[in-house]
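Please examine the sequence and the three-dimensional model shown below.

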Amino acid sequence: MTTLPNRPNTALLVVDVQKGAVDGSHNRDSMIANINTLVGKARAEDVPVIWVQHSDDQLKRDSEAWQYVPELVRSPSEPLVHKVYGDSFEATELEELLSERGVGRLVVTGAQTDACIRDTLHGAFVRGYDVTLVGDAHTTEDLTEYGAPTPELVVAHTNLYWDWQSAPGRRGKTVDTAKVTFTTDVAG
């Protein structure tokens, strides 16, 4: 259904599952286990897996906090996109990598739900992609001291509103890991 012509393929995005981004986050271990399941499934089905890694003042490049969690291992053949903005497309080569692979549908996982995940979902959607959020494979930290809802509510709200996203020729969707498919018109 994507609005991107001649781009029938799906890719899995693993966004910012870095030590400093997910340590202490809501459902950290189960979220990482779900991402590992999806990475294994994508690899088995020859679906591109693209890793995204954020840098900023809290995640200084090459620091320990900046490193991906040890439970997730990127294959050397899988692209790694470095970014400095929330939207994984902004000032990166992500669009070129997806275009080269004929990708018009994305399955999105990672951290932080209320920042880089939301920015990437919307960034992909406005660029013409169908975008599936994996509801049990993203997380956020507890920012209640700043007036934010609890992490559980942030995740639940994002899952709810993303499942209803639509625009001419494209659609958002939320599914859990067990229901992700990489071969349907709208992944999941």
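The paragraphs below treat salt bridges, aromatic pairs, backbone geometry and surface charge in turn.

The model is a predicted one, in which local features need pLDDT of at least 70 and side-chain atom pairs count only at pLDDT 80 or more, while totals for chains, interfaces and linings use all residues. Residues are numbered from 1 along each chain as its sequence is written, and side-chain values use heavy atoms, with hydrogens and water left out.

Salt bridges come first. A salt bridge is a side-chain nitrogen of Lys or Arg within 4 Å of a carboxyl oxygen of Asp or Glu, and by this rule there are 10 salt bridges. One of them joins Glu 95 to Arg 7, with the closest N and O atoms 3.1 Å apart. This pair links distant parts of the chain, since Glu 95 belongs to helix α3 (residues 94–100) and Arg 7 to the segment before β1, 88 residues apart. Helices (H or I, at least four residues) and strands (E, at least two) are DSSP runs, numbered from the N terminus. Glu 95 is partly exposed, at 25% relative accessible area, whereas Arg 7 is buried at 10%. Here buried means under 20% relative accessible area, exposed over 50%, and partly exposed in between (1.4 Å probe, protein chains only).

Two further bridges may be inspected. Asp 29 pairs with Arg 28, the closest N and O atoms being 2.8 Å apart; Asp 29 is exposed at 55%, and Arg 28 is buried at 17%. Arg 101 and Glu 100 meet in a salt bridge of 3.4 Å, N to O. Arg 101 is partly exposed at 27%, and Glu 100 is exposed at 62%. Through shared partners, salt bridges also join Asp 23, Arg 28, Asp 29 and Glu 71 into one network.

Which aromatic rings pair with one another? Rings of Phe, Tyr and Trp (its six-membered ring) pair if their centres lie within 6.5 Å; planes under 30 degrees apart count as stacked, over 60 as edge-to-face and the rest as tilted. The whole structure holds four aromatic pairs. Among them, Trp 51 and Tyr 68 have ring centres 5.3 Å apart and planes at 80°, so the pair is edge-to-face. Because Trp 51 lies in strand β2 (residues 49–54) and Tyr 68 in the loop between β2 and β3 (80–83), the pair ties together parts that are 17 residues apart in sequence. Trp 51 is buried at 1%, and Tyr 68 is buried at 14%. Tyr 161 and Trp 162 also form an edge-to-face pair, with centres 6.2 Å apart and planes at 80°. Tyr 161 is buried at 19% and Trp 162 at 0%. Ring pairs link Phe 125, Tyr 161 and Trp 162 into a cluster.

The backbone comes next. Most residues other than glycine have a negative phi, and most peptide bonds are trans. The peptide bond from Ala 111 to Gln 112 is cis, with omega near -25°, and Gln 112 is placed in the loop between β4 (103–111) and α4 (113–126). Asp 16 has a positive phi, near 55°; Asp 16 lies in the loop between β1 (9–15) and α1 (19–22) and is buried at 3%. Asp 46 likewise has a positive phi, of about 55°. Asp 46 lies in the loop between α2 (28–44) and β2 and is exposed at 71%.
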